[in-house]
Amino acid sequence: MLCALGGILLCASMPVQGQLLASNNQGQQPSGSAARDLFVTVGKSLVIESPVNVQRISVGDSAKAEVTAVSPRELLINGKAEGATSLIVWQQGGNRLVFDLRVQSDKLETVRHEMKRELPGQDVSVSFADGAVYLHGTVKDMNSAERALSIAGSLGKVVNLIRVSVPAIEDQVLLQVKFMEVDRSVSQSLSVNMFSLGALNTLGQTAVGQSTAPVVTLPGAGAPATASISNPLNIFLFRPDLNLGATIQALASRNQGQILAEPNLLALSGKEASFLAGGEIPIPIITNSLGGASVSVLYKEFGVKLRFTPVVTARNTIRLKVAPEYSEIDKSNEVTYSGLQIPAFSTRKVETEIELQNLQSFGIAGLLSTTTENDFSKIPGIGDIPIIGKLFQSRNKTKNKQELLVLVTPEIVRPIPAGQTTPNLDMPDPFLKPGAKVPPRTPGVDKTGTVPMTSGVESIPYEQLLEKPNAPPTTQGVQLLTIPMTSPAPAPANP
């Protein structure tokens with residue numbers, strides 16, 4: 001069969017997708033060859049011009065589209081309902097063309113327009129078939145992929161086939177933290193203890209309880225009385241001719257202490273890092289059951305602790321979620337249960353989220369702890385006598401004040417390049433010489449070969465970037481032993 005078909009030009013009477021379809025100029029379209037795509041919008045028309053006369057046309061589903069021959073060489077296609085059907089055109093000379101006619105809704109064109117406006121310069125295409133929305137193309141980052149999904153989701157269920165360009169290395173944030181605590185304490189103590197070794201033929205002593213009193217020993221037959229003084233403190237008086245003595249405690253002390261920790265933590269943007277300068281103390285946990293009570297051990301951390309999560313924003317600022325904590329063991333409030341000592345903790349902590357520029361600093365202050373203790377003792381009666389009663393009274397006054405300041409400075413940093421000198425500790429004395437001339441180590445890239453820093457591909461599927469490694473399970477406590485605790489037998493009932 002002879003055929004001289006140059007091509008078919010598709011043009012829309014209203015804004016629709018048009019394309020130039022090449023024809024088979026050597027005869028009929030080969031059997032089994034792929035059909036050509038043809039798009040029309042519901043409620044709109046499309047005109048097909050043929051270089052030769054059209055003899056016959058056929059539409060698979062007339063409910064989806066209507067095809068009318070307006071002239072021997074022009075076909076008018078009207079979109080009626082959303083969906084897909086087939087269009088077959090027989091041309092003069094025996095040539096036959098088969099089209100996949102897709103009738104799309106006007107909403108799909110709106111989505112495509114929004115996609116081009118919101119993602120300029122990115123290769124994203126949207127198609128609709130069999131009730132599903134297919135999203136194809138490559139975007140530059142995850143934000144663009146999320147936006148494309150959000151726009152395409154207005155059409156219905158989305159089949160996400162988007163690929164994302166391989167992202168660059170994430171930013172790393174160095175957090176410089178300074179913990180400063182000042183501990184001040186002031187105490188005053190005044191007490192008087194008197195004793196007699198035979199003054200006025202009387203043996204005795206007075207003690208007011210704030211300081212250790214002398215111990216008077218009764219005399220034996222013909223032996224004089226004696227007094228043992230374990231702590232003479234700062235004033236000791238004794239009159240041998242009167243056999244009368246006294247110990248006086250009059251102390252004033254002022255103490256100041258400082259705790260300073262300067263941890264430097266490094267973390268990727270969006271990842272959490274933690275620091276602990278202190279220790280762990282075992283705490284017994286008692287569990288009652290039908291077989292009796294058992295004890296498990298839980299390790300509790302204490303000391304200077306810090307948790308922080310940095311996020312580098314699109315504004316090139318650093319958003320920080322910081323949780324500093326300072327705790328210490330408080331033995332004055334510990335609990336004893338069945339012979340087990342359960343410690344208490346004195347804790348000061350704060351948790352906040354702020355946003356800073358690179359190398360800006362912020363301080364967390366006001367974490368104060370102030371305590372005042374007053375102890376007063378006196379001998380009833382004689383301790384109330386003016387002037388003389390002061391000798392039979394004692395006072396002990398203690399004031400404690402603790403202040404905690406946390407200073408935080410974030411900085412966006414990069415790894416130290418290969419070949420540059422790394423920082424070393426300044427040792428006061430030279431360390432031991434190494435036993436081997438060359439310390440053992442893992443072979444370098446000169447032995448193993450260069451390790452590429454990239455994956456070797458320009459883009460990867462969207463789902464792979466969403467994959468996150470499973471976090472290791474966190475252990476709240478470690479059970480080291482189980483001790484059965486027998487309860488006492490019940491008392492017999494009265495007959």
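**Figure 1. Strand 8 and strand 9 pair side by side.** Valine 89 has leucine 97 of strand 9 as its bridge partner. The model shown in this and the following views is predicted. Strand 8, residues 83-91, runs antiparallel to strand 9, and eight bridges join the two. Four residues lie between the strands of this hairpin, in which glycine 93 adopts a positive phi near 105°.

**Figure 2. Strand 3 lies along strand 9.** Here the two strands run parallel, and six bridges join strand 3 to strand 9 (residues 96-104). Two facing positions can be picked out: phenylalanine 39 is opposite arginine 102 of strand 9, and valine 40 is opposite valine 103 of strand 9.

**Figure 3. The largest nonpolar core is viewed around phenylalanine 308.** This core has 23 residues, of which Phe308 and Leu320 touch the most other members. Two or more residues each come from strand 14 (172-197), strand 20 (264-268), strand 22 (292-312), strand 23 (318-337), strand 26 (362-378) and strand 27 (393-413). Leaving aside residues up to four places away in sequence, phenylalanine 308 touches a set of residues that includes Val173, Leu175, Leu265, Ala267 and Leu320. Lys271 and Glu272 are also among the residues that phenylalanine 308 touches. A second, separate core has 17 residues, including Leu108, Leu119, Val164 and Tyr462.

**Figure 4. Phenylalanine 302 and phenylalanine 345 form an aromatic pair.** The count of aromatic pairs comes to one. The ring centres of phenylalanine 302 and phenylalanine 345 are 6.5 Å apart and the planes stand at 40°, so the pair is tilted. Phenylalanine 302 belongs to strand 22 and phenylalanine 345 to strand 24 (residues 340-349), so the pair ties together parts that are 43 residues apart in sequence. Phenylalanine 302 counts as partly exposed, at 22% relative accessibility, and phenylalanine 345 is likewise partly exposed, at 23%.

**Figure 5. Two side chains lie over aromatic faces.** Lysine 300 lies over the face of phenylalanine 345, at 5.9 Å from the ring centre. In another view, arginine 56 lies over the face of tryptophan 90, at 4.2 Å from the ring centre.

**Figure 6. Two loop residues have positive phi values.** Asparagine 316 is located in the loop between strand 22 and strand 23. Its phi is near 65°, a positive value in a residue other than glycine. Asparagine 316 is exposed, with a relative accessible area of 53%. Leucine 359 is placed in the loop between strand 25 (352-356) and strand 26. Although leucine 359 is not a glycine, its phi is positive, at about 70°.

Technical notes: Residues numbered from 1 in each chain as written. Predicted model: local features only at pLDDT ≥ 70, side-chain atom pairs only at ≥ 80, totals over all residues. Heavy atoms only, no water. Core = buried A, V, L, I, M, F, W, Y, C linked by side-chain atoms within 4.5 Å. Buried < 20%, exposed > 50% of the residue type's maximum accessible area, 1.4 Å probe, protein only. Contact = heavy atoms within 4.5 Å. Phe/Tyr/Trp six-rings, centres within 6.5 Å; stacked < 30°, edge-to-face > 60°. Lys NZ or Arg CZ within 6 Å of the ring centre and 35° of its normal. Pairing = 2+ DSSP bridges.
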